[in-house]
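Dear colleague,

Please find below the structure that I am handing over to you. My notes on what was found in it follow directly after.

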Amino acid sequence: MSAMDHFEGQTLSWTVKDGVVELALHREPGNEIGLATLGELEKFAEALPSLEKEAHGAILYSTVKAGFCAGADLRELYFRSKEMEKRASIDGVRNFLRRIHRVMNVIDGSSLTTIAAAQGVVFGGGFELALVCDLIIADKMARFCFPELRLGLIPGFGGIPRLKRDLGNAVVRDLLLTGRSFNAMKAQAIGLVSQVVSEGEALRVARGAASQLGKFDRSTAIAAKKFIKPIPYEELQREIEIFCELFESPAVEAGLRKFVESTDAQPYLP
């Protein structure tokens, strides 16, 4: 076992077992992606080339009750932006997005076959993290949503180009322009989710699928993935610029303030 085979961080951990990398998100309350999670995702991206030499698959899952991931850490984003001049705040957002895009692109393009075992909340940046995976296996209680619209923003972690790559434009527009959520059955019907399983069973089923993947020639799987899953780099870069342009608007500051001041236990829920 190499030094890269195991990592235990504040927000996530990973280990390798039977040729499968299992990455667990465990930041309470909803695996929000802030600077700490980003830093540890960067460690994972850095480790991937080494992990790819000894594994054939990877599973991303959550140990947090709320769900897979609620998306970006909006409280951190709001308070950090309030501490800075406007231009510095925009530059900070752009830098964060460039960093998270690099991580997402590495996972998206990995030679490993990747599976998101999704349950509960799969919102915003969490939805975008699931979208970089080759397969999404969801328990029946999972819900998928881009709530950024209510903040005056668009998804910023690569969600739009990847949805356009994987699904029809009607679905993209529905999710993006209405802000509504899709349940697991709807997600399967539109081709977003490959399998819907009983509540609490997503990880177990994902492990079974990952085991099955190990029976086939790796070079064939790698070639097939590269062919059917191109990374839309130009559109991803444009997404960053649109997000930063929108971030300057007063509507975004008002939306973030409303979110931060909310007394709801889970303000990201629709």
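This is a predicted model: local features need pLDDT of at least 70, side-chain atom pairs count only at pLDDT 80 or more; totals for chains, interfaces and linings use all residues.

I begin with His56. This residue belongs to the loop that connects helix 1 (35–51) and strand 4 (57–62). Residues under 20% relative accessible area count as buried. His56 has a relative accessible area of 12%, and is therefore buried. Its side chain comes to 3.4 Å from the backbone nitrogen of Gly214. Leaving aside residues up to four places away in sequence, His56 touches a set of residues that includes Asp18, Gly19, Val20, Leu112, Thr113 and Arg218. Gly214 is also one of the residues touched.

The next topic is the aromatic residues. The count of aromatic pairs comes to 7. In one of them, the ring centres of Phe7 and Trp14 are 4.7 Å apart and the planes meet at 25 degrees, so this pair is stacked. Both Phe7 and Trp14 are buried. Together with Phe44, these two residues make up one aromatic cluster. Phe243 and Phe247 form an aromatic pair that is likewise stacked, with 6.4 Å from centre to centre and 15 degrees between the planes. Phe243 and Phe247 lie 4 residues apart in helix 10 (residues 233–247), which means that about one helical turn separates them. Phe243 is buried, as is Phe247. A ring and a charge also come together at Phe182, where the charged end of Lys186 sits over the ring, 5.2 Å from its centre.

An open sheet is formed by 4 strands in the order 5-7-9-10, with mixed pairing. Strand 5 (67–69) and strand 10 (181–183) are at the edges; each has a single partner strand, so one side of each has no neighbour in the sheet. From one strand to the next, the twist averages 20 degrees. The pairing of strand 5 with strand 7 (residues 121–123) is parallel and covers 2 bridges. Within strand 7, Val121 is the bridge partner of Gly67. Helix 4 (residues 124–131) lies across strand 5, strand 7 and strand 9 (143–145), and runs at about 90 degrees to strand 7.

Yours sincerely

Terms used. Residues are numbered from 1 along each chain as its sequence is written. Side-chain values use heavy atoms; hydrogens and water are left out. Buried means under 20% relative accessible area, exposed over 50%, partly exposed in between (1.4 Å probe, protein chains only). A polar contact is a pair of N or O atoms within 3.5 Å; within protein, one must be able to donate a hydrogen and the other to accept it, and residues adjacent in sequence count only if both atoms are side-chain atoms. Contact means heavy atoms within 4.5 Å. Rings of Phe, Tyr and Trp (its six-membered ring) pair if their centres lie within 6.5 Å; planes under 30 degrees apart count as stacked, over 60 as edge-to-face and the rest as tilted. A charge sits over a ring if NZ of Lys or CZ of Arg is within 6 Å of the ring centre and within 35 degrees of the ring normal. Two strands pair if DSSP finds at least two bridges between them. Axes are lines fitted to C-alpha atoms, for helices over the stretch in contact, and angles run from 0 to 180 degrees between N-to-C directions.
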